[in-house]
Amino acid sequence: MSHNGKSGVRHAADMVTPYAVTAKDSAVQAAQQAGAYLGPKARQAALQARVKYATQVAPRVEKAVAAAGPAKEEAAARSQAALSALRGEVSPRELRAAVRRGQRRARTGRLVRRVGLLGLVAGGAFVAWKWWSGQTNPDWLMEPSPATEVPEPEEGTLG
C-alpha cells in the first residue's frame with residue numbers, strides 16, 4: 001500500500017474513532033437499561049415457568065411413568081421369554097401350548113364381552129318394552145268391566 005493510502009486509512013480511522021466510542025458507550029448504556037428493564041420480567045417468567053412445571057407438567061410426567069409401569073413389566077417378561085426361547089430353554093411344544101392358551105383366553109374374553117353386551121341390550125329392550133307397555137295401556141285408562149253379579153235364587157224354587 002502506498003504512503004498516501006496508509007495516511008488515508010489513518011485519517012479515516014481518526015475521523016471514525018469518536019463515533020465508534022460514542023456508539024460503544026450508547027450500546028453499553030442501552031444494554032444496561034435493557035437488563036434493568038428485562039431482568040425482573042425474565043426472573044418473573046422463570047418463576048412462573050417453574051410453578052407451571054411443578055403444578056402441571058410434573059404430575060403428568062409422574063402419571064405417565066406410573067402408567068408405563070405395567071407395560072414396562074410386560075415388556076421385560078416378554079423379552080425374558082424370548083431370550084429363553086432363543087436359548088432353547090423352552091421347547092416348541094411348550095411355545096405352542098402357551099400360544100394356544102393365549103388364544104383361548106382371548107376368545108373367552110371376547111365371548112364374555114359379547115354376552116355382557118347382549119345382556120345389557122336385552123335388559124334395556126325389556127325395560128323399554130315395560131315402559132312402553134305402561135304408557136300405551138295404563139290402568140287408569142281402562143273402562144271398568146260391567147258387574148257380573150249372580151242373582152240370588154228365590155225361595156221355593158230349585159235352582
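## Basis

The model is predicted: local features need pLDDT of at least 70, side-chain atom pairs count only at pLDDT 80 or more, and totals for chains, interfaces and linings use all residues. Residues are numbered from 1 along each chain as its sequence is written, and side-chain values use heavy atoms, without hydrogens and water.

## Overall form

The protein has two helices and zero strands. These are DSSP runs, numbered from the N terminus (helices: H or I, at least four residues; strands: E, at least two).

The radius of gyration is 46 Å, while a compact globule of 159 residues would have one near 15 Å. It is taken over C-alpha atoms, and the globule rule is 2.2 Å times the number of residues to the power 0.38. Along the principal axes, the C-alpha atoms fill a box of roughly 165 × 65 × 30 Å.

## Burial

Of the 159 residues, 3% are buried. Buried means under 20% relative accessible area, exposed over 50%, and partly exposed in between (1.4 Å probe, protein chains only).

## Helix α2

Helix α2 spans residues 92-136 and holds Trp129. Trp129 counts as partly exposed because its relative accessibility is 48%.

Arg93 is also in helix α2. Its relative accessibility is 67%, so Arg93 counts as exposed.
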